[in-house]
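Reader: I am new to this structure. Please take me through it in short steps.

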Amino acid sequence: MSEQKDVLRGLTLKVYRFILKNDRPVGIREVQRALHLSSPTLALYHINKLEEAGLVKKELGGYVADK
């Protein structure tokens, strides 16, 4: 649980909230555009942090909140 708390800060928290708000899988570019990130790679970096913490998972069509 503490790993999840450590991950949920700053931009990573914003990415997680965006994924939570959507009732469907969201793609990397969608996250990038919605949060005005500089590149898809930056969006993927934050999504990967959330995935490693077990907060999001990859599904067909994008990423969804797992918890």
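Author: Start with a definition: buried means under 20% relative accessible area, exposed over 50%, and partly exposed in between, with a 1.4 Å probe and protein chains only. This is a predicted model, where local features need pLDDT of at least 70, side-chain atom pairs count only at pLDDT 80 or more, and totals for chains, interfaces and linings use all residues. Residues are numbered from 1 along each chain as its sequence is written, and side-chain values use heavy atoms, leaving out hydrogens and water.

Reader: Is L60 buried or exposed?

Author: L60 sits in the loop between β1 (56-59) and β2 (62-65). Helices (H or I, at least four residues) and strands (E, at least two) are DSSP runs, numbered from the N terminus. The relative accessibility of L60 is 85%, so L60 counts as exposed.

Reader: How far apart in space are L60 and V26, C-alpha to C-alpha?

Author: Along the sequence, 34 residues separate L60 and V26. In space, C-alpha to C-alpha, the distance is 9.8 Å.

Reader: Which residues of α2 are buried?

Author: Take the length of α2 (residues 10-21). The expected span of a helix is 1.5 Å times one less than its number of residues. The buried residues of α2 are T12, V15, Y16, F18 and I19.

Reader: Which exposed residues does the face of α2 turned away from its buried side carry?

Author: The buried residues of α2 are T12, V15, Y16, F18 and I19. They cover an arc of only 160° around the axis, which puts them on the same side of α2. The arc is that of the directions from the helix axis to the C-beta atoms. The face turned away carries the exposed residues G10, R17 and K21.

Reader: Why do the buried residues of α4 line one face of the helix?

Author: Helix α4 covers residues 40-52 and reaches 18 Å from its first C-alpha to its last, close to the 18 Å expected. Its buried residues are A43, H46, I47 and L50. Seen down the axis of α4, they line one face because they fall within an arc of 100°.

Reader: Which residues are exposed on the other side of α4?

Author: The buried side of α4 holds A43, H46, I47 and L50. On the other side, the exposed residues are T41 and E52.

Reader: At what angle do α2 and α4 pack?

Author: Axes are lines fitted to C-alpha atoms, for helices over the stretch in contact, and angles run from 0 to 180 degrees between N-to-C directions. The axes of α2 and α4 are 9 Å apart, and the helices pack at about 80°. That makes α2 roughly perpendicular to α4 (65 to 115 degrees).

Reader: What phi does H36 have?

Author: H36 is found in the loop between α3 and α4. H36 is exposed, with a relative accessible area of 72%. Although H36 is not a glycine, its phi is positive, at about 55°.

Technical notes: Parallel < 35°, antiparallel > 145°, perpendicular 65-115°, else oblique.
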